Structures are given as structure tokens and as C-alpha cells.
Amino acid sequence: KVSAKNTFWCLLGCAIGDLGTILFFQLSEIPFPLIGIMILAIINGLITSVILETFILIRQNFSFVDALKTASGMSLISMISMELMMNLTDYILTGGAILTWWVIPIMLVVGFLTPWPYNYWRLKKFGINCH
């Protein structure tokens, strides 16, 4: 349960930046290379995930500096694997950087399932808990 909760918060943070970036380029129709959009989506997903995690940790009485350090270092492998798989799923199903009503749930499920075993293992083996 704990690893699933942690993975969910990571997914939420990553999805905000990732899907927001793709949606921005899709709606604005700014001519930008597909690979550039996907790289920006991954970077923005990582940034928003760290921001969300920092906010959650501050609400648990961490200082800002400690919360930011913890959020930045605690699950980078999870966040990167999540981002890569969400974008790969989008690319395989739509050709990339295209959000449709049916692809978003699939991207989110893949994004959740990819890092969850790693998060569970980290929690079991090292007792490392994100929140």
C-alpha cells in the first residue's frame, strides 16, 4: 500500500508536467520537433514531480531545503523510468506528442506500473519511504 501511494504521488507530479507540455504544444500548434517536445515533456514532468514531492514533505514538517533535497534525490530512477515509459507509450500508440481521450489512461497506467516494483523493492529492502 505504501509503495503504491508513493508511486501514485510520483505519477501525479510527473503527469502534470509531462501531459501539460504535450497539451501546450498540441493546442498552440507551435512548430517544434517531436523529439524536442518529448524531451521537454520529460524534463517538465521531472520538475513538477520534484515540486509536488517538496510541497508534500514541507506539509510533513520538513524544512524547505531538506524537503527539496529529499524530493530531488529520493526517487529519480522511478521518475525517469515513469517518464520514459509514458512517452514511449504515447509514441507507440499515437506517433508521439498527441493526447487523446483514450491514450491518457493507458499512459498513466504504464507510468504507474513501470516504477512500482522498484519502489516496493526499495521500501522492503532499505525501508526508504518517499513520504
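In this predicted model, residues 24 or more positions apart account for 70% of the contacts in the chain with a separation of 6 or more. Buried residues make up 41% of the 131 residues.

**Overall architecture**

The secondary structure of the chain consists of 6 helices and 0 strands, and from the N terminus on the elements run α-α-α-α-α-α. The radius of gyration is 15 Å, close to the 14 Å that the globule rule gives for 131 residues, so the chain is as compact as a globular protein of that length. Taken along the principal axes, the box filled by the C-alpha atoms is roughly 45 × 30 × 20 Å.

**Helix packing**

Two packed helices are described by the angle between their axes and the distance between the axes.

| Helix pair | Angle between axes | Distance between axes | Crossing |
|---|---|---|---|
| α1 and α2 | roughly 140° | within 7 Å | right-handed |
| α2 and α4 | about 145° | 10 Å | right-handed |
| α1 and α4 | about 45° | 10 Å | right-handed |

Helix α1 spans residues 2–28 and helix α2 spans residues 34–59. The axes of α1 and α2 cross at roughly 140°, and the two helices are therefore oblique to each other. On the α1 side, the residues that meet α2 include Trp9, Leu12, Gly13, Ile16, Gly17 and Phe25. Among their partners in α2 are Ile37, Leu40, Thr48, Leu52, Glu53 and Ile56. By class, the contact of α1 with α2 has 13 nonpolar, 8 polar and 2 charged residues.

Helix α4 covers residues 76–94 and packs against α2 at an angle of about 145°. The contact is made on the α2 side by Leu34, Met38, Ala41, Ile42, Gly45, Leu46, Ser49 and Val50. From α4 come Met79, Ile80, Glu83, Leu84, Asn87, Asp90 and Tyr91. This contact of α2 with α4 has 10 nonpolar, 3 polar and 2 charged residues.

The remaining pair in the table, α1 and α4, packs at about 45°, and these helices are therefore oblique to each other. Helix α1 contributes Thr7, Cys10, Leu11, Cys14, Ala15, Asp18 and Ile22. Helix α4 contributes Met79, Met82, Glu83, Met86, Asn87 and Asp90. The residues of this contact divide into 8 nonpolar, 2 polar and 3 charged.

Some residues take part in more than one of these contacts. Asp18 of α1 is listed in the contact with α2 and in that with α4. Likewise, Ala41 of α2 meets α1 and belongs to the contact with α4. In α4, Glu83 belongs to the contact with α2 and to the contact with α1.

**Individual residues**

Asn119 lies in helix α6, which comprises residues 116–126. Its relative accessibility is 7%, so Asn119 counts as buried. Not counting residues up to four places away in sequence, Asn119 touches Ser3, Thr7 and Ser78. Of these, Thr7 is also one of the α1 residues in the contact with α4.

Most residues other than glycine have a negative phi. Asn61, a residue other than glycine, has a positive phi near 70°. Asn61 is placed in the loop between α2 and α3 (64–74), and at 74% relative accessibility it counts as exposed. Ala97, not a glycine, has a positive phi of about 55°. Ala97 lies in the loop between α4 and α5 (103–113). With a relative accessible area of 12%, Ala97 is buried.

Notes: Residues numbered from 1 in each chain as written. Predicted model: local features only at pLDDT ≥ 70, side-chain atom pairs only at ≥ 80, totals over all residues. Heavy atoms only, no water. Axes fitted to C-alpha atoms, helices over the stretch in contact; angles between N-to-C directions. Helix = DSSP H or I, 4+ residues; strand = E, 2+ residues; numbered from the N terminus. Parallel < 35°, antiparallel > 145°, perpendicular 65-115°, else oblique. Left-handed = near helix turned anticlockwise from the far one by under 90°. Contact = heavy atoms within 4.5 Å. Nonpolar A, V, L, I, M, F, W, Y, C, P; charged D, E, K, R; others polar. Buried < 20%, exposed > 50% of the residue type's maximum accessible area, 1.4 Å probe, protein only. Rg over C-alpha atoms; globule rule 2.2 N^0.38 Å.
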